[in-house]
Amino acid sequence: MPYQPGKIEPKWQQHWEQNKTFKVEIDPNKPKYYALDMFPYPSGQGLHVGHPEGYTATDIVSRYKRMKGFNVLHAMGWDAFGLPAEQYAIQTGTHPAVTTQVNVDNFRRQIKALGFSYDWDREINTTDPKYYRWTQWIFLQIFGAGLAYEHDAPVNWCPELRTVLSNEEVIDGKSERGGYPVVRKPMRQWMLKITAYAEKLLEDLEGLDWPVSVKEMQKHWIGRSIGAEVHFEVWGKPDLSFVVFTTRPDTLFGATYAVLAPEHPLVEQIASEDQWQAVVAYKEACAAKSDLDRTDLAKKKTGVFTGSYAKNPVTGENLPIWIADYVLMGYGTGAIMAVPGHDQRDWEFAKAFGLPIKNIIAGADVTAAAHTEDGELCNSGFLNGLKVEPAKEKIIAWLEAQGKGKRSINYKLRDWLFSRQRYWGEPFPLLHKEDGQVLPMDPKDLPLTPPLTENFLPSPTGESPLANLPEWINVTLPDGQPAKRSSNTMPQWAGSCWYYLRFTDPQNDQAAWSKEAEKYWMPVDLYIGGAEHAVLHLLYSRFWHKVLYEQGHVSTKEPFQKLVNQGMILGENGEKMSKSRGNVINPDDIVKEYGADSLRLYEMFMGPLEKSKPWSTSGLEGINRFLNRFWRLYLDDQDQILTTLTEAPASTEIERLYHETVKKVTEDLEALRFNTAISQLMIMVNELTGQQERNQAMLQGLVLLLSPFAPHLAEELWSRLGGTRTLAYEPWPDFDPSKLKQDQVTIPVQVLGKHRDNLTIPLGASEAQVMELARQSEKIQKQLEGRTLVKVIYVPDRILNLILK
RNA sequence: GCCUGGAUGGCGGAAUAGGUAGACGCAAGGGACUUAAAAUCCCUUAUCCGUAAGGGUGUGCGGGUUCAAAUCCCGCUCCAGGUACCA
């Protein structure tokens, strides 16, 4: 009987499920290992071949670590709040909970068909009140720490999605989901003070084993810059002043004008009568612009003079104050001192409006462009002759002494806009009293569940669907006072901010997790998922984790010790897989036709985990052939263990290859090099296929080596070989270094760096011995003819290179 | 523009304390088995010249260091991802 994955795979999946093979408990006698997948949003489309790539990788590591004696936490869950179920509800009236349940069931079925070694007793679902009860509890901890506040300001409003979005969710002025335009709209919204953690979020990146690109992205997003704040007085209005932030305080003598953001509160106070109309018109024009207009179309600088002047604190000169939208209210102080000679943006603005450009770096030419490099200062009073860095120090000291400024650090990171105008999300556990006071709910009363409704449509004005349900919104406090619930809900990120903690203690109904479980399992040792979460999810959860750490709820500063981004699996034509391109591969079809083991192995064999690579059905068939060959090493056509499996020892060559294979596969697994580990297994199988007799013990070892990759096939062969229980906890094979030694080695001989012949030499042979052998080679003799040997380079047991003249 | 990766046969990819480039797989070609096909097994396969023996050329491009460079250094080109008036 040939290898029939359709028969053995369901059998072993059932076996694992019934015996709870992968159930884990805290075991202080064993070292722990926590392997985590980025849990999926269970969409209606079902699983994509991209999902199993990361899941297979963590599963292989989990299975390997178990065999290495680790107590492995590996679990799966559902990030199930989110837009699609809600959009579907709007269209059909089906409650999102119903849609979610159907999708979750489908995802679970698909994932289970792939044979992952999850502890299914730990399955979680962010939309389960038993789960989001604790999401709400964490929010109360954040609220209690004063890190949540309501803010009345322009926010990113997406009319198409009818919700606000965080800065991180707006990409190029469009929504991250769907790519719809985003505009600014003033609204009162909950904000989380992630900026209070900017420094820690930046600092603690250092100790993490993460891809450089992700660390860089987070660094850029946090965007720390060091400079100074400088105070400017408004001429003729001594009670009015403003503060600018600059990274180049050394250029203060070169400032020729100042610019305020159009939204700056001072603008209305300083706009002169004759400029008033122009200022108001400009402000209105800016307010109407979308984010996209402000960035993309802003190649040309625009702005308006306010009619007022500021006093340069160091020269006493008059500087005209302008407003321009190249100065953003959201960054720094919303005001700048313009130094057109040494800042390209200021230079362009000065050129556009005929403002003076002053050079303060000796020898610099500022007629064609701003000079932004280092140099010696000139025209700068007491800073003359200094280089940029010392000049910064000196001017900051001067400003501080004069009370006209101070050293300052600024971050690009903004506070996290945390509310959404949605139905399908965690309600805020807060009550708003009529006097404006906000009361947190008593944690004992959680979860706060959303009301049942059939109208899921948010109003176009930005009110959430919950606002239509007065019987839910309006409550009476114990003292008889009326209060209102918040009609907004939390963003989808809330649930995924802490799910890795819940996995450590998923059934706990007394706490979000027990200290004991958290202390034993955390941090996550290996976290694998897509690169699209580089800033969003990974920054948000690091922030929550740090808050929880400071409150003593968790024991580690960082949640995810090692992070790996799996690459994308492209369609067979090399393009991104999508329905419209018609190149989508459905894992269900692959499992049906070739089996889960083939799919798992193929996805790992395609190339390095981190790289994007195109799907190839014939490549998958090649892997399937390999598994068939593997099967036939053990079983004959009648499905019997081959009689050629013997107790007799294998030849030394075969034995050496086996030990090499154990070594290579082990090392490759530690380094997540699954593709080369599989190659080595293929080499071993190819070699054994040619053998008449095979040593049974060795073949048992080989089954164990294959088992993390193709667990169903391995379990089946293991039991056929006499195993009475799962191989999941069998010790991982060891290799014997003494078996790897060869007494002879073949080395290349080069003449003038060109490969001319190979020599088989005794291991550790001396240069003289090797030269002697080389002289016996006909090919080398031919090379030596008529030439003189000038130099011999011999790297023991590696290479011989002869230099001739 | 800036930041981070990357570029190796017809294809996916191996090989980096510098030391036989192309492991393994796919595709292609040839052969065995078969009435035939599928499946399986064996062989060939970087490229050019040559019947062969053998030789030349080759890791995006141009230089350099070295006995020896896919690997190190300098200067480019192109591709992917991220980011974008952040003062």
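These legends describe close-up views of a predicted model.

**View 1. Chain A is divided into five domains, listed here by residue range.**
Domain 1 is built from two segments, 26–125 and 498–565. Domain 2 also has two, 139–220 and 415–485. Domain 3 covers 225–410, domain 4 covers 587–738 and domain 5 covers 742–804. Between domain 2 and domain 4, the C-alpha centres are 50 Å apart.

**View 2. Four strands form an open sheet in the order S19-S18-S21-S20.**
The pairing is antiparallel. Strands S19 (438–440) and S20 (474–476) stand at the edges. Each has a single partner strand, so one side of each has no neighbour in the sheet. From one strand to the next, the twist averages 40°. Strands of a sheet pair through backbone hydrogen bonds, and they can run parallel or antiparallel.

**View 3. Bridges join the neighbouring strands of this sheet.**
Start with S18, residues 430–433. Three bridges pair S18 with S19. Leu430 has Pro440 in S19 as its bridge partner. S18 also pairs with S21 over three bridges, again in the antiparallel sense.

**View 4. Strand S21 (residues 482–485) has one covered face and one uncovered face.**
Which residues lie on the covered face? They are Ala483 and Arg485. Pro482 and Lys484 lie on the uncovered face. In a regular strand, side chains alternate between the two faces of the sheet. S20 and S21 form a hairpin with five residues between the strands. In this hairpin, Gly480 takes a positive phi near 90°.

**View 5. Lys579 carries a "binding site" annotation in its unreviewed UniProt entry.**
Lys579 sits in the loop between strand S24 (569–570) and helix H18 (587–594). Is Lys579 buried or exposed? Its relative accessible area is 67%, so Lys579 counts as exposed, the cut-off being over 50%. Leaving aside neighbours within four places in sequence, Lys579 is in contact with Gln45 and Val584.

**View 6. Glu670 and Lys65 form a salt bridge between distant parts of the chain.**
Their closest N and O atoms are 3.7 Å apart. Glu670 belongs to helix H21 (residues 652–670), and Lys65 to helix H2 (residues 50–67). The two residues are 605 residues apart. Glu670 is partly exposed, at 45% relative accessibility. Lys65 is buried, with a relative accessible area of 9%. Side chains of opposite charge can pair when their charged atoms come close.

**View 7. Lys546 and Glu558 are joined by a salt bridge, and both are buried.**
The closest N and O atoms are 2.8 Å apart. Lys546 lies in helix H17 (residues 536–550). Glu558 lies in the loop between H17 and strand S23 (563–565). The pair therefore ties together parts that are 12 residues apart in sequence.

**View 8. Lys739 and Asp736 meet through their side chains in a salt bridge.**
The N to O distance is 4.0 Å. Lys739 is partly exposed, with a relative accessible area of 32%. Asp736 is partly exposed too, at 28%. Elsewhere, salt bridges that share partners join Lys11, Asp639, Glu716 and Arg720 into one network. The model has 42 salt bridges.

How values were computed: Residues numbered from 1 in each chain as written. Chains lettered and ligands numbered in written order. Predicted model: local features only at pLDDT ≥ 70, side-chain atom pairs only at ≥ 80, totals over all residues. Heavy atoms only, no water. UniProt positions renumbered as here; feature names shortened; annotations may be inferred. Buried < 20%, exposed > 50% of the residue type's maximum accessible area, 1.4 Å probe, protein only. Contact = heavy atoms within 4.5 Å. Pairing = 2+ DSSP bridges. Axes fitted to C-alpha atoms, helices over the stretch in contact; angles between N-to-C directions. Domains from an automatic or database assignment.
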